[in-house]
Amino acid sequence: MKFDFSLSRRCLIASTLVLGAVSLAPAISAAEPLKVAGIHASPVENAWNSVMHQALLEAAEQGEIEYVFSESVSGTDYPRAMREYAEQGVDLIIGESYAVESEAREVAADYPDTPFVMGSSGGPSGDNFGVFGTWNHDGAYLAGMLAGTLTETNKVGSVGAMPIPEVNMLINAFAEGVKATNPEAEHSVTFIGTFFDPPKAREAGLAQIDQGADILFGERIGTADAAKERGILAVGSLIDYTPRYPDTVFANALWGFRPILDAAVADAAAGNPVGKNYTAYGMLKEGGSDIAFVEGVASPEAVEAMLATRQEIIDGTFEVPRNMDEPK
Amino acid sequence: MRFERREHRPAALVIATPLIAVVAALAVSGILIALAGAPVFEAYWKILVGAFGSKLSITETLTRATPLILTGLAAAVAFRAKLWNIGAEGQFYLGAIATAAVGARITEGMAPIIQIPILLAAGAVAGMVLLLLPLWLRLKFSVDEVVTTLLLNFVAILFVSMLVDTVLKDPMAFGWPQSEAVERAARLPKLIDRSRLHIGLLIAVAIAFAVHFVQSRTTFGMRARAAGLNPRGAVFAGVPLARTLVLVAMLSGGLAGLAGSIEVLGVKGYVTTDLSPGYGYSGIVVAMLANLHPLGVVLAALFTAVMFVGADGMSRSLGIPTYIADVTVALSLISMLVAVFFTQYRVRR
């Protein structure tokens with residue numbers, strides 16, 4: 001009896017230890033969040049970068065990651081910034097390789113143990129270089145549907161950064177959405193040749209208005225200034241511009257980075273290769289992007305039709321066309 | 001109060017003033033670093049680490065110094081002859097795009113030993129042409145070249161911007177406005193593997209020595225200096241002023257164009273409109289820091305590169321805004337310029 005007792009006591013101690021170790025393990029990993037570096041080619045105030053920056057800050061506040069960043073990193077310095085963070089031993093590098101597609105992949109090949117997840121027009125490379133696109137075109141299509149019903153001159157204009165595939169796709173989606181509710185409407189587009197130059201976007205917007213456009217799609221920040229100045233309506237992209245332009249921006253094609261970030265962080269934390277395409281996490285169907293619109297601007301019927309299409313996109317019965325050709 | 005040129009420059013002063021300048025610049029930027037909530041002395045240490053602390057940082061500093069040596073020389077040789085070439089930035093871009101265009105369209109497939117010199121020459125010639133135009137305006141119509149060379153920078157960059165968006169646009173670049181690339185075989189060999197450091201550094205340093213030789217040991221060098229010190233006196237002494245200035249312009253513009261060419265062949269392989277983070281303008285500062293001396297240019301370029309790469313790395317390792325690094329660089333350049341000034345002049349009441 002005595003023997004049995006001591007055995008069971010030993011068992012008890014052993015199992016307590018095991019249990020303790022198991023319950024302690026997640027506590028240790030939670031205490032040391034993944035160190036994530038963000039390398040922004042533009043200031044973090046730039047709409048696209050701000051979406052990523054906010055998502056990263058939010059994740060850092062929730063204690064899921066530790067976040068360090070560099071902003072306004074020029075193409076010449078970008079590869080060095082990547083190498084420096086890699087040498088510092090950060091656990092995941094988030095950034096944008098549009099201007100340095102080949103160099104960024106070279107850097108990743110030189111640091112095979114550092115996961116990189118980059119906004120890119122190209123594909124993933126190796127095990128440690130993943131990519132994501134900015135596919136908020138679902139929201140742009142839906143905003144276009146509203147814009148089509150609202151234009152009086154039957155002319156809408158878009159102001160975009162550069163004719164790179166995903167910007168093209170976004171503007172084409174907006175134009176398609178306009179066409180869906182107003183086949184008569186004409187659509188014109190101006191590219192400003194840079195990603196962050198609000199005064200230039202404003203100028204381009206004013207030129208569109210002078211040519212008769214009465215709704216502007218501001219793929220770039222600054223476009224809404226032109227619309228506000230001339231008292232017409234505008235559609236925002238990536239972030240919600242309505243609080244800043246309450247009477248001007250009636251709809252926004254929002255993009256969310258958090259789902260992409262969470263997926264990348266999960267992969268990096270688990271040690272899975274990140275060399276894949278994370279784009280889909282940023283789409284409406286996956287909860288990444290969406291439309292935000294002001295009630296009462298478009299007619300209730302137009303809103304109803306738009307929301308029905310939105311539901312079809314979520315259900316997978318409708319897919320917004322992905323046309324990456326340069327819009328004319 | 002007036003400034004008087006020093007007859008003698010005490011050695012202690014020449015050594016001490018740059019040190020005081022760096023300390024002053026670091027002290028002022030230290031205030032900003034402290035405001036950003038980072039430990040100031042650790043930040044200074046991190047600047048050194050960022051510039052010299054690893055193989056990566058050393059190679060990056062030297063890679064950064066390479067174009068600065070060449071644009072610094074471009075400014076130095078021109079300023080010595082009082083040819084105010086503010087257009088090295090435009091000449092840099094025109095040299096870069098000429099190299100990319102010739103490389104992608106004409107010389108592709110040639111043996112590197114032939115192709116690389118042709119591409120370097122193409123860049124240099126493009127830079128020359130861009131400076132000869134304002135010089136011609138000056139000689140013919142007395143148009144101030146400070147204005148024309150400065151404004152031609154914008155013309156050149158917009159021209160490059162047009163080319164990379166149209167005829168020279170790389171169809172493989174996913175719509176990004178960048179030029180077609182020079183083939184890999186025609187790039188400058190790397191000095192160190194897994195880094196961006198290329199033999200352009202050696203070329204630049206060798207050219208600095210060559211320029212020093214030309215300026216101090218040849219008739220052309222003497223004439224160029226005479227043209228700068230006193231143009232009318234030079235003419236009176238039999239210096240062919242126009243011809244000398246044309247040669248100076250070819251040298252200056254050629255060096256700036258070569259800087260662009262080497263940056264393309266050594267680092268990038270192709271041209272974008274953000275190829276140069278102001279190398280042409282920084283070259284002017286480098287030349288002033290070096291007191292227009294060709295060998296001093298090498299040291300001044302190195303100093304500028306150290307400050308930039310070091311401060312940039314510091315901002316990343318401490319997580320303070322990148323802009324503080326820019327301010328640190330600017331402060332160190334300004335205070336260094338003031339220091340160089342005081343080694344040459346004294347204040348008299």
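**View 1. Helix H7 of chain A, end to end.** Helix H7 of chain A covers residues 198-210, and its 13 residues reach 18 Å from first C-alpha to last, close to the 18 Å expected at 1.5 Å a residue. That expected span is 1.5 Å times one less than the number of residues. Helices here are DSSP runs of H or I with at least four residues, strands are runs of E with at least two, and both are numbered from the N terminus. This is a predicted model, where local features need pLDDT of at least 70 and side-chain atom pairs count only at pLDDT 80 or more, while totals for chains, interfaces and linings use all residues. Residues are numbered from 1 along each chain as its sequence is written, with chains lettered from A and ligands numbered from 1 in the order in which they are written.

View 2. Tucked in are Ala201(A), Arg202(A), Ala204(A), Gly205(A), Gln208(A) and Ile209(A), the buried residues of H7(A). Buried means 20 or more other C-beta atoms within 10 Å of the residue's own, exposed means 12 or fewer, and partly exposed is in between, with C-beta atoms placed from the backbone. Look down the axis of H7(A) and the buried residues fall within an arc of 165°, so they line one face of the helix; the arc is taken from the directions from the helix axis to the C-beta atoms. Pro199(A) and Asp210(A) are exposed, on the face turned away from the buried side.

**View 3. What sits over H7(A), and what follows the helix.** The cover on its buried residues includes strands S6 (155-160), S7 (186-191) and S8 (215-218) plus helix H8 (223-230), again of chain A. Just after H7(A) comes Gly212(A), with a positive phi of about 110°.

**View 4. Where chain B meets chain A.** Here 21 residues of chain B are in contact with 26 of chain A, contact meaning C-beta atoms, placed from the backbone, within 7 Å. Helices H3 (55-80), H6 (145-165) and H12 (294-318) of chain B each give two or more residues to this side, and H12(B) gives the most, with four.

**View 5. Helix H12 of chain B.** At 1.5 Å a residue, the 25 residues of H12(B) should span 36 Å, which agrees with end C-alpha atoms 36 Å apart. The helix is mostly covered, with 20 of the 25 residues of H12(B) buried. Just past H12(B), Gly319(B) takes a positive phi of about 70°.

Note on methods:
Contact = placed C-beta atoms within 7 Å.
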